[in-house]
Amino acid sequence: MAIPAKKPDPDDDAGSSNLKASSLAQDIRTREVERQERSERLVMLLALAADGNHDAFSEFYDLVSPIVFGIARRVLVDRSLAEETLQDVMLELWRQAPRFDQAAGSVTGWVSTIAHRRAVDRVRSEQSHRNRHEAEALKVEIDFDSVAEAIEGDFEMGRLREALTDLPAAQRESILLAYFGGKTYRDVAAELGIAEGTAKTRIRDGLQKLRFALVEVG
Amino acid sequence: MTISDIGDKFENNDAAGAFVLNAMSPDERETFQQRMGVDPDLRSEVDELRKVTEAMSLYLLEEPPPTVKDAVMSLILSEPQLDRIASESTVVSEDLATVAVLSERRAIRRGSLAALSAMAAAFLVIVGFVALDTPSSTVDDQIAAALADPMASVEVLQNETGMLRVITLPNSEDAVLVGSGLPALDDAQTYQLWAIDSAVEDAAPVSAGTFDLSDGEIRAILRRTSVNDPVWAVSIEPAGGSPQPTGEIVLISA
């Protein structure tokens, strides 16, 4: 895709523009090199960990634990639950390290999938536990407003927050409830008062739009 | 459940997003995974949507307190079998939440893997029986169900002293290894399984993972890789494995 030419800046001469463009291109190359190096490092560390190397797993932990903890914190909110989930996930990664297949996807993708699934399982388990043991007055239903408020106030999310904001409201609501609220599509449908099929469609369509904003353009 | 049943339940790919966001019930998830095994387009869409959740996760980074790492590293040190068990049993669910559960399932898995070794010649029939005898919610049931699949493909790799069977299934990501007769290696070395695309000239081998001997036997479940119709090979590599074969090729399929 061709990049539209930037309008001339009267305060900017051609040499300066070229310098900025060159600097930007260099920055992109540098970041891509760093990402690739990090990816290769993770694969190597995981392979060593799969053979029982504790030092390698220690470094692997340092690199991926912010991903796992970040997901757990957003989904579970409660810090102590997020810490417990981080511990569970890291033990699971240690145990499953020999399963990792580089051809099937990236280490980061593998880690984030396991982390989110575990966090969602935990939030549903906590929800079920509370529903069984607490009075109706103490219901802890996660509604769209509380999830949306938390996301909007989370300035660390930067471009992700912007991408979510750019989604049509119907798709954004469904994705926020499912990804950050740990809701099933059935729960999403019930909460938003829509058909279950509509909830599935909104989630899928929203993810496809996010893909363009976060993956393809990225 | 038949493929037709699966198709009826998910008439189109709309559920792919809910699957990727873990927004399904466990039963629906299982059904969806079965359909993914027979629907490459659906699998491809899921892979693409997973790139979105991967990208999302990189905007959510948060440093955890150091105490958690201390606990994790301590638990690993006090459980020296974990890595070897992980090597043996790679068909594991992601629903383990506590160390206590880990220990419990490890005991179950030991039993199932011992059974797997014993049934090397007639594994399909025997595993069919195990599948009937195992609660549907267990990991062992997943192994048994996969091995009971009549579509299983068996490749035999053999040399003067050793033999290895590599069993793959069309709807599974696993490669089941059963064999014996290979020499024991020291701690600095490991066996590594490779898949080589038979349709491509000079294709680069793709690692399916490493495995070690247990009491002289090979009992491991690795990943089948994305290589279609592969030639399988086993090499001796430095501990932890190699990105590409560097050591002696000790077994290769005919």
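Visitor: Why is Asp47(B) called partly exposed?

Guide: This is a predicted model, and in it Asp47(B) has a relative accessible area of 31%. Partly exposed runs between the 20% limit for buried and the 50% limit for exposed. So Asp47(B) counts as partly exposed.

Visitor: What makes Asp47(B) and Arg43(B) a salt bridge?

Guide: Their side chains meet at 3.5 Å, N to O. The cut-off is within 4 Å, so the pair qualifies. Both residues lie in helix H4 of chain B. They are four residues apart there, about one turn of the helix. Arg43(B), at 25% relative accessibility, also counts as partly exposed.

Visitor: How do you know that Arg41(A) and Glu59(A) form a salt bridge?

Guide: Their N to O distance is 2.7 Å.

Visitor: Are Arg41(A) and Glu59(A) buried or exposed, or what lies in between?

Guide: Arg41(A) has 35% relative accessibility and counts as partly exposed. Glu59(A) is partly exposed too, at 28%.

Visitor: Why is Lys183(A) called buried?

Guide: Its relative accessible area is 8%. Lys183(A) forms a salt bridge with Glu191(A), with the closest N and O atoms 3.6 Å apart. Glu191(A) is partly exposed, at 29%.

Visitor: How many salt bridges are there over all chains?

Guide: The structure holds 17. Across the interface of chain B and chain A, the rule finds eight.

Visitor: What makes Glu62(B) and Arg74(A) a salt bridge?

Guide: Their closest N and O atoms are 3.6 Å apart. That distance is set against the limit of 4 Å, so the pair counts. Glu62(B) and Arg74(A) also belong to a network of salt bridges with Arg73(A), Arg79(A) and Glu83(A).

Visitor: How many residues of chain B are in contact with chain A?

Guide: 64 residues of chain B are in contact with 68 residues of chain A. The two chains bury about 6,300 Å² between them. Of that area, 59% is on carbon and sulfur atoms. The rule also finds 21 residue pairs in polar contact across this interface.

Visitor: Which helix gives the largest share of the side of chain B that touches chain A?

Guide: H4(B) does, with 11 residues. By class, that side of chain B has 33 nonpolar, 13 polar and 18 charged residues.

Visitor: Why is the pair of Tyr179(A) and Phe180(A) called edge-to-face?

Guide: The ring centres are 4.9 Å apart and the planes stand at 80°. Centres must lie within 6.5 Å, and planes over 60 degrees apart count as edge-to-face. So the pair is edge-to-face. Both residues are buried.

Visitor: Why is the pair of Tyr191(B) and Phe211(B) called stacked?

Guide: Here the centres are 5.6 Å apart and the planes are at 15°. Planes under 30 degrees apart count as stacked, so this pair is stacked. Tyr191(B) lies in strand E4 of chain B and Phe211(B) in strand E5 of chain B, 20 residues apart.

Visitor: How do you know that Tyr191(B) is buried?

Guide: Its relative accessible area is 1%. The limit is under 20%, so Tyr191(B) is buried. Phe211(B) is buried as well, at 1%.

Notes. Residues numbered from 1 in each chain as written. Chains lettered and ligands numbered in written order. Predicted model: local features only at pLDDT ≥ 70, side-chain atom pairs only at ≥ 80, totals over all residues. Heavy atoms only, no water. Phe/Tyr/Trp six-rings, centres within 6.5 Å; stacked < 30°, edge-to-face > 60°. Buried < 20%, exposed > 50% of the residue type's maximum accessible area, 1.4 Å probe, protein only. Helix = DSSP H or I, 4+ residues; strand = E, 2+ residues; numbered from the N terminus. Contact = heavy atoms within 4.5 Å. Buried area = accessible area lost by both parts, 1.4 Å probe. Polar contact = N/O pair within 3.5 Å; in protein donor to acceptor, adjacent residues only side chain to side chain. Nonpolar A, V, L, I, M, F, W, Y, C, P; charged D, E, K, R; others polar.
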